[in-house]
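Here is a friendly walk through one protein model, from its strands to its core. Take a look at the structure first, and then we will go through it together.

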Amino acid sequence: MRIADRWLSEHRPGLHAAEPDRFPGYYTLHTLLRDDHVVGMLSVNAGTGQVWYHNWHGRFLRMQRHADST
């Protein structure tokens, strides 16, 4: 997503955005180092393009998927 990468180049140089996950009204993207190591996340408002950098998560440890409970 170009909006996220443009914002990152201005505010968090050295990071780039992963593919977005779409939610109603916004997109959320992981922020990555050059080696594609996840270091954070941000969201982009689908209507305005406003970026919201998520800084309350703390240091990223690992990604874990949960099995469906059906």
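Which residue in strand 3 does Phe23 stand opposite? Phe23 faces Tyr26 there, and we will come back to these two below.

## About the model

This is a predicted model, in which local features need pLDDT of at least 70 and side-chain atom pairs count only at pLDDT 80 or more, while totals for chains, interfaces and linings use all residues. Residues are numbered from 1 along each chain as its sequence is written, and side-chain values use heavy atoms, with hydrogens and water left out.

## Overall layout

The protein chain holds one helix and five strands, in the order α-β-β-β-β-β from the N terminus. Helices (H or I, at least four residues) and strands (E, at least two) are DSSP runs, numbered from the N terminus.

Of the 70 residues in the protein chain, 29% are buried. Here buried means under 20% relative accessible area, exposed means over 50%, and partly exposed lies in between (1.4 Å probe, protein chains only). The chain exposes about 5600 Å², with 49% of that supplied by carbon and sulfur atoms; accessible areas come from the Shrake-Rupley method with a 1.4 Å probe, and for residues only the protein chains shown count as cover.

## Strand 3 and its partners

Strand 3 (residues 26-32) is largely enclosed by the rest of the structure, because six of its seven residues are buried. Strand 3 has several pairings to follow, where two strands pair if DSSP finds at least two bridges between them. Strand 1 (residues 16-17) runs antiparallel to strand 3 and is joined to it by two bridges, with Ala17 partnering Thr31. Strand 2 (residues 21-23) also pairs with strand 3 in the antiparallel sense, over three bridges.

Two hairpins are worth a look. Between strand 2 and strand 3 there are two residues, and Gly25 in this hairpin takes a positive phi near 90°. The hairpin of strand 3 and strand 4 has five residues between the strands, and Asp36 takes a positive phi near 65°.

## Aromatic pairs

The whole structure contains two aromatic pairs. Rings of Phe, Tyr and Trp (its six-membered ring) pair if their centres lie within 6.5 Å; planes under 30 degrees apart count as stacked, over 60 as edge-to-face and the rest as tilted. Trp7 and Tyr53 are stacked, because their ring centres lie 5.7 Å apart with the planes at 20°. This pair links distant parts of the chain, with Trp7 in helix 1 (residues 2-11) and Tyr53 in strand 5 (residues 51-54), 46 residues apart. Trp7 is buried at 19% relative accessible area, and Tyr53 is buried at 17%.

Phe23 and Tyr26 form a stacked pair as well, at 5.2 Å centre to centre and 15° between the planes. Phe23 is partly exposed at 36%, and Tyr26 is partly exposed at 35%.

## The nonpolar core

A nonpolar core is a set of buried Ala, Val, Leu, Ile, Met, Phe, Trp, Tyr and Cys residues joined through side-chain atoms within 4.5 Å. The largest one has 11 residues, including Trp7, Leu29, Leu42 and Tyr53. Helix 1 gives the most to this core, with three residues.
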